[in-house]
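Subject: Structure handover

Hi,

Here is the structure I promised to pass on. Please open it next to this email and find each residue as you read.

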Amino acid sequence: MLRLSFVFVLTLGACADPCRQVAELVCACEPDQSQERSCLSEVETARQAHPASESDLQACERIIESNQCDCDALALGRVESCGLAQTP
């Protein structure tokens, strides 16, 4: 069963658009699974209200290709590596 679940997750990941993939990278940095699920839920709600434009998708693709969006970058405050902005 675990093997099927893993294959299913890989299949879902391959179908996700680039902005969803960036969101998954960011949400994976939450301290626990509950907060990660909450993060993903908030992302999905925002995506339904404001679908990504073609230029958004291209920007997200560049973020993924850069391989600089990870938990270390976020922990060091380099939020722009994940396409995020600092809030004042």
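**How to read it**

This is a predicted model: local features need pLDDT of at least 70, side-chain atom pairs count only at pLDDT 80 or more, and totals for chains, interfaces and linings use all residues. Residues are numbered from 1 along each chain as its sequence is written, and side-chain values use heavy atoms, with hydrogens and water left out.

Helices are DSSP runs (H or I, at least four residues), numbered from the N terminus. Buried means under 20% relative accessible area, exposed means over 50%, and partly exposed is in between (1.4 Å probe, protein chains only).

**Disulfides**

A disulfide is a covalent bond between the sulfur atoms of two cysteines. Here the rule is a pair of cysteine sulfur atoms within 2.5 Å. By this rule the count comes to 4 disulfides. Number the bonded cysteines in sequence order, and the pairing reads 1-5, 2-4, 3-7, 6-8. Three of these links are described here.

- Cys19 and Cys60 form a disulfide, with sulfur atoms 2.1 Å apart. The pair links distant parts of the chain: Cys19 is in helix 2 and Cys60 in helix 4, 41 residues apart. The torsion about the S-S bond is about 95°, so this disulfide is right-handed. Cys19 and Cys60 are both buried.
- Cys27 is joined to Cys39 by a disulfide (S to S 1.9 Å). Cys27 lies in helix 2 and Cys39 in helix 3, so the pair ties together parts that are 12 residues apart in sequence. With -70° about the S-S bond, the link of Cys27 and Cys39 is left-handed. Both Cys27 and Cys39 are buried.
- Cys69 and Cys82 are joined by a disulfide (S to S 2.1 Å). Cys69 sits in the loop between helix 4 and helix 5, and Cys82 in the segment after helix 5, so the pair ties together parts that are 13 residues apart in sequence. The link of Cys69 and Cys82 has 105° about the S-S bond and is right-handed. Cys69 is buried, and so is Cys82.

**Salt bridges**

A salt bridge is a side-chain nitrogen of Lys or Arg within 4 Å of a carboxyl oxygen of Asp or Glu. How many salt bridges does a search of the whole structure find? The search finds 4.

Start with Asp17 and Arg47. Their side chains meet in a salt bridge (2.8 Å, N to O). Asp17 lies in the loop between helix 1 (2–15) and helix 2 (18–27), and Arg47 in helix 3 (residues 33–49), so the pair ties together parts that are 30 residues apart in sequence. Asp17 counts as partly exposed, at 22% relative accessibility. Arg47 is also partly exposed, at 24%.

Next, look at Glu44 and Arg20. They form a salt bridge, the closest N and O atoms being 2.9 Å apart. Glu44 lies in helix 3 and Arg20 in helix 2, so this pair ties together parts that are 24 residues apart in sequence. Is Glu44 buried or partly exposed? At 30% relative accessibility, Glu44 counts as partly exposed.

Arg47 and Glu44 also meet in a salt bridge (3.7 Å, N to O). Both lie in helix 3, 3 residues apart, about one turn of the helix. An α-helix has 3.6 residues a turn, so residues three or four places apart point the same way.

Now join the pieces. Asp17, Arg20, Glu24, Glu44 and Arg47 are linked in a network of salt bridges.

**Helix 2**

Among the buried residues are Pro18, Val22 and Ala23. What covers them? The cover includes helix 3, helix 4 (54–66) and helix 5 (71–75).

At the start of helix 2, a side-chain oxygen of Asp17 reaches to within 2.8 Å of the backbone nitrogen of Cys19.

**Two residues to look up**

Arg20 counts as buried, at 18% relative accessibility. Leaving out residues up to four places away in sequence, Arg20 touches Leu40, Glu44 and Arg47 (contact means heavy atoms within 4.5 Å).

Gln86 lies in the segment after helix 5. Gln86 is exposed, with a relative accessible area of 56%.

Best wishes

Definitions and conventions
Helix = DSSP H or I, 4+ residues; strand = E, 2+ residues; numbered from the N terminus. Polar contact = N/O pair within 3.5 Å; in protein donor to acceptor, adjacent residues only side chain to side chain.
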